[in-house]
Amino acid sequence: MKPRLVVVGHGMAAARTLEHLIEIGPGRHAITVIGAEPLPGYNRILLSPVLAGELDKEELALQETGWYARHGMALKLGTRATAIDRVRRTVRIDDGSNLPYDRLLLATGSRPLRLPIPGADLKGVVTYRDLADTEMMIAASREHARAVVIGGGLLGLEAAHGLRTRGMAVDVIHLMPWLMERQLDREAAAIVQKRLAARGIRFRLAHRTLAIRGREGRVAAVEALDEASASPVTIDTDLVVMAAGIKPDTALAESAGLRCDRGVVVDDTMQTYDPRIYAVGECVRHRGLSYGLVQPLYEMAKVCATHLAGVGSHYYAGSVPSTHLKVTGVEVFSAGDFADAPGRENVVARDASAGVYRRLVLDAGRLVGGVFVGDSRGAARLAELIRNRTNVNAMRRELMFLA
Amino acid sequence: VRGGTTGEVRSTCPYCGVGCGVRIAHAAGRIIGVTGDDDHPANFGRLCSKGMALPMTLSRSTRLTVPELRAARDQPRRSVSWDDALDHVAERFAATILRHGPDSVAFYISGQLLTEDYYAFNKLAKGLVGTNNVDTNSRLCMSSAVAGYKSTLGADAPPACYDDLDHADCVFIAGANMAFAHPVLYRRLEDARKRRPGVKVIVADPRRTDTAAEADLHLALAPGSDVALFNAMLHVMLAEGRVDRGYIARCTDGFEALEREVAGCTPAWAASVCELDSDDIVNAARMFASSPATLSLYCQGLNQSASGTAKNAALINLHLATAQIGRPGSGPFSLTGQPNAMGGREVGGMANLLSAHRDLADPQHRAEVARLWGVASVPEKSGLTAVELFDALAGGTVKCVWIACTNPAQSMPDQALVRAALQRAELVVVQDCWRDIETAAFADVLLPASTWGEKEGTVTNSERRISRVRAAIVPPGEARADWAIATDFARRLGPRLGRDDAGRLFAWTCAEAIFDEHRETTRGRDLDITGLSYARLDADGPQQWPFPKGAQEGKARLYGDGLFPTASGRARFVATPFVETAEAPDKMHPLRLNTGRLRDQWHGMSRTGRAATLHRHEPEPQVAMHARDMAARDIEDGALVRVSNSRGAMILRARCSGELREGDVFIPMHWGGRWVTGTGVNALTLRAIDPQSFQPELKHAAVQIETARLPHTLVAMGVLADADLALEALAVLLGRFDYASCGLAGRDYPVTILRAASAAPLAADLLAEVDAVFGLQPVRATLAYEDAGAGISRVGRRLGQRLAAVRLVGDTTGAAWLADWIADARPAASLGFAILAPSSEAPGGAVARGKILCTCYDVAESQAQAAFAGGLALEQVRSALKCGTGCGSCVPALRRLEASARAIAA
């Protein structure tokens, strides 16, 4: 009898791990996948184009329909795992049944943060995480005219852009002094902001959201505080999108007594403290870090698949966070650590009239980080140089111009 | 102004002494085109690259348009009325003259003034002030030629004419690079050689110039050894019986002394002095003496020397000894460097001359001039010549100086002393059309003069031909003709000196009135032009002198009758012993510095420097060196070097050149303080002067050269709203870099360029000032590549699709192709910031075009090279690329490229 592998979660990390596993050792496991959402794994990154009306939701699927069956996988969709019995090695699911496992893979992902403020539970307040959220926003945009997005991170900006494209008047409230502060420095953020402002999105930076006011059970306004002037601001709205961050979803792991620390703690083989249980994706805590970008998830998936397949020779040493994407049509690349620090040197390029800004950060002859906006040529090579900690002294003058 | 608002007037080119005729097309008060005048006998329609570019030199941004005055040295000059300016100067001159005597003031004028201007200044000094302290920049140019002619032939008159180029069987070119300095005459020589392939050309020049490279025999003699060569040639002629004893006996004096002098000048001796092959010397002597007609052409290589008169005389000796004079195709023909050095001397506008070639030292001549002018006397004491004049200013004996139409703070030797002299002077008056010339910085009073295209008068070219100069447009602002300024001043000065005759002496109201007065002074003199008038010149075109009353035409060539304008009627041989250069190389300064001309620049670049196209042949100041001299000093090709001696130093780029002898180096004379850090090559030259001509030895100084380690580099360039204003702003920044030079590139849109390097990191405030000139202030420099840790900052600005300006600091790689990119207005927007990549290759792989050989058709040397390498012959390359089919100035260089391509192929 084949060893049984149960996968909890059917997001991008799970899907990618399965792909690798099939590639390395097809037919090695009897695989069951438990997914909370009603449809097979889809590409969450493409939700924004769907929101903006640039892509049909049918185009989101990560695999063609027959792939899972062809590889002998059982999909349990619209189903939640509620508990793990590590002694009996079973997973309880919400239809009351128990699934036995020889290996368990946790890929529970993360949950969007819902701000603990008055009115957060009003009708018309949504988070932005999955297809259902996306469809809800699309529906709201058909009936209503105004939206407020709380959070000027990547997700918030994509939500704002999507809703604006669908014709809503959009305000973005952001607590920090510039947008996407995790991925961008101030100058880069200013370019992104300028491009979005040119499309009619209004920004309220360094504003703290205090409360959401409702009328007849539905959201009516957002109250915020301008931190600079300490003056209150009220923005009338019909829809509030909370995009104020995510939190690894560790509820199942914690209830099973697995070691968690703001994420399911794993070692370099993606194994949890229980040697039969592995974890990948946004739910993970590895060497003290959790990741919310797709590239690290893919790297984890690759390592994890080799160990599940029993040919484990790869180790995950952590990712240099790097993102290379289009924020609402603006190319953005962000990699590594680009904070100013003693001994660090900046190499900067600009084409201000074209909205291009690029900064590379060097430390002791190595490239440690970079932020690009508007033009991300060379991003892949640079991300690799950052990851590999290559000494770049000899090629310093070419770095900015790599193709 | 002639021709109304639109039309064409005939005039002459304002550059060299060939004196080409031009047709100036004008419309709505502006000059819109210049073409060669087909009817002018100096050029028959041809122009050189400099003449062709005249329309591009007419910016008025830095013209002087109103008088400016400062009451004290520490104050800025302010604009004043002509009355205020001239009254102020008249007060100061009068007070100084009354207190310290007339010799405490001086006038330093120019071979670019018209004959009428010259006449007015000369009369002002000698007839009103009572001083002979009026000298000109032709002292730096033709004085030795004049002294040479006078001491041998008896008069300051070139005996030959341009037509002789068509008749000469042997052309002996000494110390002249005609291909660069007198291109239109060189075209004529090319034509003559093509028509008559037997014509032999000998060139005596330390450098293998384009002219020398095309000679049948190039004598690459040691600098300053010309007299030894000429004496040895005479020795050979004597030994082989090639002299014309009959002519010598009939028409000359003094041959015995010369024979004794050259008896020891054997070819072997000269070979060692001149560092030549003695067979070459013998061959040169034979070719010279045995050809049916030998024509010598010579210029600054003979003149700008402490033994310049002897060099001229020694060459003329050869002509007299072989009777190679007075016949078509023969004679010693001095090529004049300025458009009207000849006319200036005709009116006596030098410190040791009087009107119409009269001598100051001759009491009879002085009396004649006093009678002609209607004054009691003219001063007897010889005036101060150029170098002496600035010495006297530095010493304080001359207190007021009036400088007109020349730029001594660029052109005089030993700039440190010249500048100290201008600072020491109590009053410096500068009369010029430009406010941005180097000398203007020293002016207490600036007087705005009209210039080429705006002036009426006459000039005399190298072949004694007088042409009318005509105005096409009115001058800007309150600028006035030079003669009119001198005249107005004279009328104001006279009463202040207690003279009541200034109104009568300076009654002229037009240039023609001055010409008529000058004409009268020539009556009966060697240059008698009593048969000429403006009307005649207008009707019959340019005429050679002499042209006495009743003559139907001027005299093409002189002395055909064997009679010379000396007391005896015979020419005089001058025994000319060879003397070394004034400054011998020594251990500390082992290299011999030669200075000279580029093809596409003229003088101190105050006019040619404004035409972008004229910068493209030689874009950056450089010193040419022999490969072994560079290797011995570990100097890389293109490296910045410091050229120095006890007088000063200059930093510029070193270029390895196959044109130079080992031990010799060459720096073009053109770049002064406006164009390069320091004062230009004249920081290094010396004040040693020829004892007879008083001409300084500008073409030889001993120097040392070492690499200048200036790691902090900058290049800035851009198409700016006004290139002249930008260059003016940059000129004051040059001194803040250890090395900096500015210039132009491009054609239709001039690209202003600054190149700089310093030993210490460049200060932020200096960078900010540079950026401001190029419109690259932080808000405007939208393109940037900055690597502070590596000291690199490259910023740029686009205008629409094209790149408008860039400034590169720390790493200036790619500056050359960026200049092309900007100049050619290539699209840059799609390249974004990547256009600032420090790459020696342009995006798409293009490399910089480099030196532009053909300015008429914009053909780079590299293009021509490639065409020749592909096996094309000269005529094929000319028809394929069109290079050399315009003005023809690049044809010698094309022939050289063809020859070297053939050599490689073989």
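Q: Which residue stands opposite Val347(A) in E32(B)?
A: In this predicted model, Val347(A) faces Asp787(B), which sits in E32(B). The E labels are strands, meaning DSSP runs of at least two residues, numbered from the N terminus.

Q: What makes strand E23 of chain A and E32(B) a pair?
A: Two strands pair if DSSP finds at least two bridges between them. Here 5 bridges join E23 (residues 344-351) of chain A to E32(B), so they pass the cut-off of at least two. The two strands run antiparallel.

Before going on, some ground rules. Residues are numbered from 1 along each chain as its sequence is written, and chains are lettered from A and ligands numbered from 1 in the order in which they are written. Because the model is predicted, local features need pLDDT of at least 70 and side-chain atom pairs count only at pLDDT 80 or more, while totals for chains, interfaces and linings use all residues; side-chain values use heavy atoms, with hydrogens and water left out.

Q: How many residues of chain B are in contact with chain A?
A: Contact means heavy atoms within 4.5 Å, and by that rule 21 residues of chain B touch 18 residues of chain A.

Q: Why is His617(B) called buried?
A: Buried means under 20% relative accessible area, exposed over 50%, and partly exposed in between (1.4 Å probe, protein chains only). His617(B) has 4% relative accessibility, so it counts as buried. You'll find His617(B) in the loop between strand E23 (591-596) and strand E24 (622-625) of chain B. Among the residues that His617(B) touches, not counting those up to four places away in sequence, are Phe180(B), Asp600(B) and Lys851(B).

Q: What makes Met73(A) buried too?
A: The relative accessible area of Met73(A) is 7%, so the label is buried. Met73(A) belongs to strand E3 (residues 73-77) of chain A. Leaving aside neighbours within four places in sequence, Met73(A) has contacts including Leu18(A), Ile22(A) and Trp67(A).

Methods
Helix = DSSP H or I, 4+ residues; strand = E, 2+ residues; numbered from the N terminus.
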